[in-house]
Amino acid sequence: MTLPPTGHRANRRTPSAPGSPGRGFASDNQASVHPDVLAALAAVNDGHQPAYGDDEVTGRLREVVRRHFGEQAEVFPVFNGTGANVVALQAVSERWSSVVCPESAHVNTDECGAAEKIAGLKLVTAPAPDGKLAPEQVEAHATGFDNVQRRRPAAVSITQSTELGTVYTAAETAAVAAAAHERGLALHMDGARIANAAASLGLPLRALTTDAGVDVLSFGGTKNGLLLGEAIVVLNPGAVRGVAYLRKSSMQLASKMRYVSAQLTALLDGDLWLRNAAHANAMAARLAAAARGVPGVEITRAVEANAVFAIVPKDAAERLRERFPFYTWDERTGEVRWVCSFDTTEADVDAFAAALAAETSA
């Protein structure tokens, strides 16, 4: 996708009318906190615990993460996804490095240049109409290794699921990893919605990451039911350095870490991560099926996770947005994005679909 001059998702204001209840399809970031996560926070809110990750709760999280990703996995809870990406990319690069990523990658389009400003990196972007980087693009864009005039490539970054709602299969990720590793590059995965990808493919988290050659993962929680909190998961300790120090110097080290770790443990210790993601995916599929039957509405991309992209007549979209928040993805084409969450209900979807049909026929 070619981004509009103002960048995609140009309508960044809260896309609902004054007085609107705000429940809609703008982002899974706007969803509530899962009750089990709130209960986990309450359960650890008692007495004193050592700070900065030396607490029992974070120790338990380490065990849970290794169960999902392998005994070599190391977890570093952080506050947010941008922080996870910046720290992870710093850990596999130098100040003179470049990172190859799709041009639609969140680290490129939606993090205010944090990887470049904080980490000092150069993002080298490749066109990816479906949001997915191909092995041959790694070969084409990871160049200039011995040219002191250019940034030296250090890593490849992919997003799972992608910003365009598509999903890398395990084989596709492994192919990108092989292309990166052949050139001495590390593979970073922005897994803000990795749970949705795993639910879509019916695979465990390890199959999409450790076993597919990913070196370091930014694991997402906020989009899947957490109050706040993500994690850097180091899958290949030999590919990174200084994560603990980089986390602190990048202002991502929580003193009362047990409150971040408790949420991540609640998500991962059982199957809450999978149930939440599978439900969001199912609601997106339901929404896409309903929208396909509406005259004048075109589903523009494969619906593989919890996002639906569509072209809707502009006037109809503006009227619809007064009742249900959602973002315009591309102002030039009228393409919009609808995202479902763990707390999206069938009634939410059906009400939206009915309103969509009414507004497009008005």
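**Sheets, helices and spaces in the predicted model**

Seven strands come together in an open sheet, and their order across it is 1-7-6-5-4-2-3, with mixed pairing. At the edges stand strand 1 (74-78) and strand 3 (122-126), each of which pairs on one side only. From one strand to the next, the twist averages 25°.

Strand 1 and strand 7 (residues 230-234) run antiparallel and are joined by five bridges.

Helix 2 lies across strand 1, strand 6 (216-219) and strand 7, and its direction makes an angle of about 120° with strand 1. Elsewhere, strand 4 (152-159) and strand 5 (186-191) have helix 7 (residues 170-182) lying across them, at about 145° to strand 5.

Helix 2 also has a helix partner. Two packed helices are described by the angle between their axes and the distance between the axes. For helix 2 (residues 56-69) and helix 11 (residues 258-268), the angle is about 35° and the axes are 9 Å apart. The crossing of helix 2 with helix 11 is left-handed. On the helix 2 side, the contact is made by Val57, Thr58, Arg60, Leu61, Val64, Val65, Arg67 and His68. Helix 11 contributes Arg258, Ser261, Ala262, Leu264, Thr265 and Leu268. Sorted by class, the residues in this contact are seven nonpolar, four polar and three charged.

A further open sheet has four strands in the order 8-9-11-10, and its pairing is antiparallel. Strand 8 (298-299) and strand 10 (327-330) each have a single partner strand, so one side of each is left without a neighbour in the sheet. Two bridges hold the antiparallel pairing of strand 8 with strand 9 (residues 307-311), and Glu298 is found opposite Ile311 of strand 9. Helix 12 (residues 272-292) lies across strand 8, strand 9 and strand 11 (335-339), running at about 20° to strand 9.

Attention now turns to the empty spaces. Rolling a probe the size of a water molecule over the atoms shows where empty space is left. The largest pocket holds about 370 Å³ of space. Its lining is made up of 21 residues, and those nearest the centre of the pocket are Asn29, Gly81, Thr82, His106 and Lys223. Helix 3 (residues 81-91) gives the most to this lining, with three residues. By class, the lining of the largest pocket has two nonpolar, nine polar and 10 charged residues.

Cavities were searched for across the whole structure, and three of 30 Å³ or more were found. The largest cavity has a volume of about 50 Å³. Around the largest cavity are Ser161, Thr162, Glu163, Gly165, Arg193, Asn306, Ala307, Arg337 and Val339. Of the residues in this lining, two are nonpolar, four polar and three charged.

Two details of the backbone complete the tour. Most residues other than glycine have a negative phi, and most peptide bonds are trans. Ser161, named above in the lining of the largest cavity, is joined to Gln160 by a cis peptide bond with omega near -10°. Ser161 belongs to the loop between strand 4 and helix 7. Tyr52 is not a glycine, yet its phi is positive, at about 60°. Tyr52 sits in the loop between helix 1 (35-44) and helix 2.

Technical notes. Residues numbered from 1 in each chain as written. Predicted model: local features only at pLDDT ≥ 70, side-chain atom pairs only at ≥ 80, totals over all residues. Heavy atoms only, no water. Axes fitted to C-alpha atoms, helices over the stretch in contact; angles between N-to-C directions. Left-handed = near helix turned anticlockwise from the far one by under 90°. Contact = heavy atoms within 4.5 Å. Nonpolar A, V, L, I, M, F, W, Y, C, P; charged D, E, K, R; others polar. 1 Å grid on protein atoms, 1.4 Å probe; cavity = no way out; pocket = protein on both sides within 12 Å on 5 of 7 lines; lining within 4 Å. Points joined across faces, edges and corners; volume = space filled by probe spheres on them. Pairing = 2+ DSSP bridges.
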